[in-house]
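Take a walk through this protein, one contact at a time. Keep the sequence and the structure side by side.

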Amino acid sequence: MPIVDVSPGVSLACETFGDPCDAPVLLVMGFGAQMIAWHEDLCRALAERGRYVIRYDNRDCGLSTTFDDHPVDMGRFIAAVSSGDLRSALAMVPYTLQDMADDGLGLLTALGIERAHVVGSSMGGMIAQTMAISHPERVLTLTSMMSSTGESAYGQSSPEAQAVLFNPKPADREGYIAAADRELLWASKRYGNTAVLRELAARSYDRAYYPAGVGRQLAAMILSGSRADALQELRVPTLVVHGLDDTLIDPSGGQRTADLVPGAKLLLIPDMGHDRPRELWPEIIDALEAHTS
């Protein structure tokens, strides 16, 4: 699996599927999740539709560069944000969503790709939006999946989902895998499957167990603020995909994104939560194929 230098001090692990001569599709993963959360079968299926698919680990996750020299005291950080002391909060955090967006664009550059279709999921959707806002000339199309705009009034988690998200998982392998069952709370009510959740948890733990990066990624999200004004000015063709069962990022986040971006298309998928059940892959892949044509 290639490890690619994308900027001084930052390298990203990545994997590609399909023919490099086909239209490139960059898949951006979400908060604390490794690139393998974009299932390889899904990537291959999209590649079979004539797309050159690229998935990668964000910084501070998986096999990409980690920031061990910059620990974040989340208690102090939350206190600073809550009190409105953003200067102190910014000083605690080694990077922002813009830096993470620049990572993805740097990966494209390193791969010799000038422009790509960018598909982001959850926090990855926020990163993808940031790519399109800051460098629209590099983004052929944007797909924002199960994500939001950074506005506090939209896309909020249910109290139960938020509690699961912020409850640390056990450090031992068996406990970590068992804790994946909690994620059924925001998964598809119809297709949610603990065996699937546990399989991904086991693969993630064995590949690169690294909980330390979660706090820094969370801080980057919190400090990113609202993208509402910038999204209203965006002229990149945009598809917004959201599951109606999503309790981690409420569907209002997707609806708001589509309302803000001029000409955006909105696909609300019944029986999809904050997940991509295999049973819904045909609908998702059809939508991506049509949008990236």
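Is Asp286 buried, partly exposed or exposed? This is a predicted model, and every value here is computed from it. Asp286 has a relative accessibility of 41%, so it counts as partly exposed.

Asp286 has a charged partner. Its side chain meets that of Arg49 in a salt bridge, 2.9 Å from N to O. The pair links distant parts of the chain: Asp286 sits in helix α12, Arg49 in the loop between α1 and β4, and 237 residues separate them. Arg49 is also partly exposed, because its relative accessibility is 31%.

Now look at the rest of α12, which spans residues 281-291. Trp281, Ile284, Ile285, Ala287, Leu288 and His291 are buried. Seen down the helix axis, these buried residues fall within an arc of 160 degrees, so they line one face of α12. The general rule behind such a pattern is simple: an α-helix has 3.6 residues a turn, so residues three or four places apart point the same way. The buried residues of α12 pack against α1 and against strands β5, β6, β7 and β8.

Back to charges. The whole structure holds 16 salt bridges. One of them joins the side chains of Glu151 and Arg256, at 2.8 Å from N to O. Glu151 lies in the loop between β6 and α6, and Arg256 in helix α11, so the pair ties together parts that are 105 residues apart in sequence. Glu151 is buried at 15% relative accessibility, while Arg256 is partly exposed at 22%.

Another salt bridge pairs Asp271 with Arg190, at 3.3 Å from N to O. Asp271 is in the loop between β8 and α12, Arg190 in the loop between α7 and α8, and they are 81 residues apart. Asp271 is partly exposed at 25%. Arg190 is exposed at 57%. Elsewhere, salt bridges that share partners join Glu15, Glu40, Arg55 and Arg203 into one network.

What about the cysteines? The structure holds 0 disulfides. Cys43 is in none, as the nearest cysteine sulfur, that of Cys14, is 12 Å away. The sulfur of Cys61 is 14 Å from its closest cysteine sulfur, also in Cys14, and that is too far for a bond. Cys43 is buried at 1% relative accessible area, and Cys61 is buried at 4%.

Met1, Ile3 and Leu63 make a nonpolar patch of about 290 Å². Leu63 lies in the loop between β4 and α2. Its relative accessibility is 38%, so Leu63 counts as partly exposed.

How values were computed
Residues are numbered from 1 along each chain as its sequence is written. This is a predicted model: local features need pLDDT of at least 70, side-chain atom pairs count only at pLDDT 80 or more; totals for chains, interfaces and linings use all residues. Side-chain values use heavy atoms; hydrogens and water are left out. Patches are made of residues with over 30% relative accessible area and no salt bridge: like charges are joined within 9 Å, nonpolar side chains (Val, Leu, Ile, Met, Phe, Trp, Tyr) within 5 Å. Accessible areas come from the Shrake-Rupley method with a 1.4 Å probe; for residues, only the protein chains shown count as cover. A salt bridge is a side-chain nitrogen of Lys or Arg within 4 Å of a carboxyl oxygen of Asp or Glu. Helices (H or I, at least four residues) and strands (E, at least two) are DSSP runs, numbered from the N terminus. Buried means under 20% relative accessible area, exposed over 50%, partly exposed in between (1.4 Å probe, protein chains only). The arc is that of the directions from the helix axis to the C-beta atoms. Contact means heavy atoms within 4.5 Å. A disulfide is a pair of cysteine sulfur atoms within 2.5 Å.
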